[in-house]
Amino acid sequence: MELRSPAFVCASRAHAETGAVVRLMTRQAGMVAAYVAGARGRTLRPILIPGNLVEADIRSRIEGAMPSAKLELLESRGPWLGEPLASAAITWACALTAAALPERHPYPALYDALGALLDAVCHAPSARGWAVALVGYEALLLRELGYEVPIQRPDPDDFPAALAALDRLGPRIARYPLADRRSDVMGARAVLRDRLGKIEQQG
């Protein structure tokens, strides 16, 4: 495998003494797991933040083996990690993507939608500006994986309707694409939903 492409960092897991296995969402190849040498060093650690956009040079010398990757930072989500709501939204969107998608199946619409969602989370004045985008992303992911989604996109100005749509989507996500990973990945969604609920209570 040889691929050089922009990619979203969706997950990173320590491997061996200094490296990590990183799951990258690319437009051409979908989700790709690759080994990054020195990932836990001072230089690369900030690059492997979930949600970051990187330029990934992915190569595999042996057919069927896990490729290695060299990453260059294109856009960092680090400045938003100190904001509880934005951080929770980025964490959930990336965790869902990493856990639900099969390896090396291209989903260009999901790649574009993930980028749009992350941009909205980071640049909208409040969660009211991106809650509907989150509903749309979850619904699109379910559809792309072949699951029926009987939910209409809510009015962008109707925050309670967006939260209600998220509540209807939650059980379907847990039951289908995350059936084997429900406890850990859905925990990130529970944190996000709790924080969104506090905004609704504030009126």
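Guide: Start with burial: buried means under 20% relative accessible area, exposed over 50%, and partly exposed in between (1.4 Å probe, protein chains only). Helices (H or I, at least four residues) and strands (E, at least two) are DSSP runs, numbered from the N terminus. This is a predicted model, in which local features need pLDDT of at least 70 and side-chain atom pairs count only at pLDDT 80 or more, while totals for chains, interfaces and linings use all residues. Residues are numbered from 1 along each chain as its sequence is written, and side-chain values use heavy atoms, with hydrogens and water left out.

Visitor: How many residues of α1 are buried?

Guide: 14 of the 17 residues in α1 are buried, so the helix is mostly covered. Helix α1 covers residues 84-100.

Visitor: How is the packing of two helices described?

Guide: By the angle between their axes and the distance between the axes. Axes are lines fitted to C-alpha atoms, for helices over the stretch in contact, and angles run from 0 to 180 degrees between N-to-C directions. Here the axes of α1 and α2 cross at roughly 170° and come within 9 Å. That makes α1 roughly antiparallel to α2 (under 35 degrees is roughly parallel, over 145 roughly antiparallel, 65 to 115 roughly perpendicular, the rest oblique).

Visitor: Which residues of α1 and α2 meet?

Guide: A86, A89, I90, A93 and T97 in α1 meet L114, L117, L118, V121 and C122 in α2; contact means heavy atoms within 4.5 Å. By class, this contact has nine nonpolar residues, one polar and no charged. Ala, Val, Leu, Ile, Met, Phe, Trp, Tyr, Cys and Pro count as nonpolar, Asp, Glu, Lys and Arg as charged, and the others, Gly among them, as polar.

Visitor: At what angle do α2 and α3 pack?

Guide: Helix α2 (residues 108-123) and helix α3 (residues 131-144) pack at about 165°, with axes 10 Å apart. That makes α2 roughly antiparallel to α3. On the α2 side, A109, L110, A113, L114 and L117 take part, meeting A133, L134, Y137, L140, L141 and E144 in α3. This contact has 10 nonpolar residues, no polar and one charged.

Visitor: Is E55 buried or exposed?

Guide: E55 counts as buried, at 17% relative accessibility. E55 lies in strand β4 (residues 53-59). Beyond neighbours within four places in sequence, E55 is in contact with R4, S5, P6, K70, L71, E72 and L74.

Visitor: Where is R104?

Guide: R104 sits in the loop between α1 and α2. R104 is not a glycine, yet has a positive phi of about 60°. With a relative accessible area of 39%, R104 is partly exposed.

How values were computed. The expected span of a helix is 1.5 Å times one less than its number of residues.
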